[in-house]
Amino acid sequence: MVTSVPRLVIAAPSSGSGKTTVATGLMAALTARGLAVSPHKVGPDYIDPGYHALATGRVGRNLDAYLCGPELVGPLFAHGARGCDIAVVEGVMGLYDGAAGEGELASTAQVAKLLRAPVVLVVDASSQSRSVAALVHGFVSFDPEVRIGGVILNKVGSDRHEALLREALDSVGVPVLGVLRRAAPVETPSRHLGLVPVAERGALAVEAVAAMAAQVAGGCDLAALVALARSAGPLAGAGWDAGEALVSSPPPPLPFPSPGALPPDSRSALDGPRPQAPDGLVDAGRPVRVAVAGGAAFTFSYSEHAELLTAAGAEVVVFDPLRDEELPEGTAGLVVGGGFPEVYASELSANEGLRKSVAELALSGAPVAAECAGLLYLCRDLDGLPMCGVLDASARMSERLTLGYRDAVAVSDSALAGAGTRMRGHEFHRTVVEPGAGSAPAWGMRAPERRVEGFVERGVHASYLHTHWASEPGVARRFVERCRTS
């Protein structure tokens, strides 16, 4: 099978150059012209895809070569872009920035090459004129396999400034596909972990996306951008499919005793090979109801997780911990992903009915998977306010930002992952949980530092680590099977 959806990658020399405004505005402007636009984001970011979804009316999807492996970038892209007229991919950080110490891995440049897609470079031109040619020439020549098809100049001061920039870029043969003038920035407020998510802003987010669309439509050559997208090479291979991924994924590894809090210098499950188990297929038994936390406090989730749960036989029901006073009737398992519980700690604490419902479910031994914000919600308290009390741990805000990719292995057998399961993940938080690990930790970190983290208790698997289940579909199958048998 070949994917031939026209596509563009929107990149920049560095963060803060304006690529989110350009990418989101371009998605919205093309959608307004009647095109079905497939939105994508390079990297583990959960927030930008929310704005992309608002701009296009389609699910914003992530393409992360570290979390999922380079081999899944093309299939996941094809899955998201199926049936679309064009795809726009927003990059991450600077064009060539990726996982620390891993070369090009997880960089925008690597994803562009894997997608055979041309790149549009968004350049903050506010403090330069002729030097823009040297900057762009350097990015064009750094990796000949990356095809930079044009430049959008951002924060241009005047007609004279624009003329100088265009003249300079003529010398390097890179076309200018858009010019955005210095103006009051579009209202996209930030806080301690980046932009404020769409779910928290309501009508203001709609207005922001409309303003981005107007900027791009007024300053960019949309016809030239579409023509460039159509020059993307065909992608061989089938699109990712949740059901097929479950059937073809290796079965969960056989459990082995948890090593507990492993000394960092000991040989342990962190070094061992992954155990093998007999082949198994997806259980086609009765559907089980899996409740997934949503709403403004829990906005961080990859759409593939719900797709995998559904394919494994779950009925996925989204609930809002800020509003719903109990879990959905018949809940057999619970997934609480990332978000901002620290922002809504008072409201979450005040919802005593739901906190009690969550605690009772966890105490019954039902499977519960919690990541980052979900971990905080399951703690005894957060910044002194009572939470669900599922874990004998206390959470608080911190001045320190914990950020980065992680290479991890499950060190305790759980409802989510068998001991020995290796997964790559991402941490992104300004909170601290004390203690940081239970007597049966969830993960042992292999890199960049060796430590154990998280909690496995009864059916609960709670950790700071964000993972992408498409890289290990067996965790969804295992979770649903445990929901069926617990």
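Is D383 buried, partly exposed or exposed? With a relative accessible area of 40%, D383 is partly exposed; here buried means under 20% relative accessible area, exposed means over 50%, and partly exposed is in between, using a 1.4 Å probe and protein chains only. D383 sits in the loop between β16 (381-382) and β17 (385-386). Its phi is positive, about 50 degrees, although D383 is not a glycine.

Before we go on, a word about what you are looking at. This is a predicted model, in which local features need pLDDT of at least 70 and side-chain atom pairs count only at pLDDT 80 or more, while totals for chains, interfaces and linings use all residues. Residues are numbered from 1 along each chain as its sequence is written, and side-chain values use heavy atoms, with hydrogens and water left out.

Let's take the whole chain next. The protein chain has 15 helices and 24 strands; these are DSSP runs numbered from the N terminus, with helices (H or I) having at least four residues and strands (E) at least two. Of its 486 residues, 57% count as buried. A contact means heavy atoms within 4.5 Å. Among contacts between residues at least 6 apart in sequence, 76% join residues at least 24 apart. The accessible surface of the chain comes to about 18,900 Å², and 53% of that belongs to carbon and sulfur atoms; such areas come from the Shrake-Rupley method with a 1.4 Å probe, and for residues only the protein chains shown count as cover.

Now step inside. In soluble globular proteins, nonpolar side chains tend to be buried together. A nonpolar core is a set of buried Ala, Val, Leu, Ile, Met, Phe, Trp, Tyr and Cys residues joined through side-chain atoms within 4.5 Å. The largest one in this model has 115 residues, and L95 and L153 have the most contacts inside it. Helix α1 (residues 19-32) gives the most to this core, with seven residues. Another core, of 38 residues, lies apart from it, and includes A297, L334, A393 and V460. If you pick out L95 and leave aside its neighbours within four places in sequence, you will find it in contact with several residues, including P13, V119, F139 and I148.

In helix α9 (residues 222-229), the buried residues are L222, L225, V226, L228 and A229. Seen down the axis of α9, these buried residues fall within an arc of 160 degrees, so they line one face of the helix; the arc is that of the directions from the helix axis to the C-beta atoms. D221 caps the N-terminal end of α9, with a side-chain oxygen 3.3 Å from the backbone nitrogen of A223.

The other helix is α11 (residues 303-311), where H305 lies. Buried in α11 are E304, H305, L308 and L309. They are on the same side of α11, because they cover an arc of only 140 degrees around the axis. H305 itself has a relative accessible area of 9%. Leaving aside neighbours within four places in sequence, H305 is in contact with T467, H468 and W469. A polar atom of the H305 side chain lies 3.0 Å from the backbone nitrogen of W469. Just after α11, G313 takes a positive phi of about 110 degrees.

At 4% relative accessibility, V288 counts as buried.

What about the backbone elsewhere? A106 has a phi near 70 degrees, a positive value in a residue other than glycine. A106 lies in the loop between β5 (86-90) and α4 (108-115), and is buried, with a relative accessible area of 5%. The peptide bond from E434 to P435 is cis, with omega near 0 degrees. P435 is found in the loop between β19 (422-434) and β20 (443-447).

We finish with the cysteines. The structure holds zero disulfides, a disulfide being a pair of cysteine sulfur atoms within 2.5 Å. For C388, the nearest cysteine sulfur is that of C379, 9.6 Å away. C388 is buried, with a relative accessible area of 8%, and C220 is buried at 10%.

Definitions and conventions: A polar contact is a pair of N or O atoms within 3.5 Å; within protein, one must be able to donate a hydrogen and the other to accept it, and residues adjacent in sequence count only if both atoms are side-chain atoms.
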